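Welcome! Here is a short tour of the pockets and aromatic rings in a structure that may be new to you. Take a look at it before reading on.

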Amino acid sequence: MGNAYLFRMPAGFAGDVTRKAEATVESGLMGEDVPFGAPVKLDGTGKLSPLSAAGDAVYGFMVRPYPTQDQQATAGSIQDCMRRGYMAVRLARGTAAKGAAVHVRIAAAEGKAVGDIEATAVKDETLEVPGCIFMGQADDGGIVEIAFNI
């Protein structure tokens, strides 16, 4: 009993489905390594892969299997992908606000990785995820809840 929350509890772990009754999750084969909570696309062979270009369509978000301590889904494994629902994700940059659009980085830059989730658009570097919004502010650890295809 060493923890006391004076203002707000942590929002969870990246990749956790936060409202399980509202979620649609399906399994898929991983084509590349993808962090839990990151958006993915279907590659040319139908495998789940990270976004890499402005024209990519977001297929879903990678679900963190309980109780794994791993940080990412590995290539060649079968993993769950959230197609619809609410999830805790790691906000890399910006300030999230309830109802604001979710952006994902598609071009790497210094200190910024492809697949990072951001609160603001950057021309030619981020992609707005259609049908995806923030459900509030991020906690002290940068974890924030999103709604996707609701």
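## The second largest pocket

In this predicted model, the lining of the second largest pocket is made up of 6 nonpolar, 1 polar and 3 charged residues. Leu-6, Phe-7, Arg-8, Met-9 and Pro-10 are among the residues that line this pocket, and so are Ala-138, Asp-139, Asp-140, Gly-141 and Ile-143. The space inside comes to about 170 Å³.

## The largest pocket

Now let us turn to the largest pocket, which holds about 530 Å³ of space. Its lining counts 25 residues, and Ala-14, Pro-35, Phe-36, Gln-71 and Arg-90 are the closest to the centre. Two elements, strand E2 (34–35) and strand E7 (78–93), each give two or more residues to this lining. By class, the lining has 14 nonpolar, 6 polar and 5 charged residues.

## An aromatic pair

Across the whole structure there is 1 aromatic pair. Phe-61 and Phe-148 form it, in an edge-to-face arrangement with 5.1 Å from centre to centre and 75° between the planes. The pair joins distant parts of the chain: Phe-61 belongs to strand E5 (residues 60–62) and Phe-148 to strand E11 (residues 143–148), 87 residues apart.

## Charges over rings

Over the ring of Tyr-86 sits the charged end of Arg-19, 4.0 Å from the ring's centre. Arg-83, for its part, lies over the face of Tyr-59, 3.8 Å from the ring centre.

Notes
Residues are numbered from 1 along each chain as its sequence is written. This is a predicted model: local features need pLDDT of at least 70, side-chain atom pairs count only at pLDDT 80 or more; totals for chains, interfaces and linings use all residues. Side-chain values use heavy atoms; hydrogens and water are left out. On a 1 Å grid over the protein atoms alone, a cavity is a set of points where a 1.4 Å probe fits but cannot get out, and a pocket is an open set with protein on both sides within 12 Å along at least five of seven lines; lining residues have an atom within 4 Å of a point. Grid points are joined across faces, edges and corners, and a volume is the space filled by probe spheres set on the points. Helices (H or I, at least four residues) and strands (E, at least two) are DSSP runs, numbered from the N terminus. Ala, Val, Leu, Ile, Met, Phe, Trp, Tyr, Cys and Pro count as nonpolar, Asp, Glu, Lys and Arg as charged, and the others, Gly among them, as polar. Rings of Phe, Tyr and Trp (its six-membered ring) pair if their centres lie within 6.5 Å; planes under 30 degrees apart count as stacked, over 60 as edge-to-face and the rest as tilted. A charge sits over a ring if NZ of Lys or CZ of Arg is within 6 Å of the ring centre and within 35 degrees of the ring normal.
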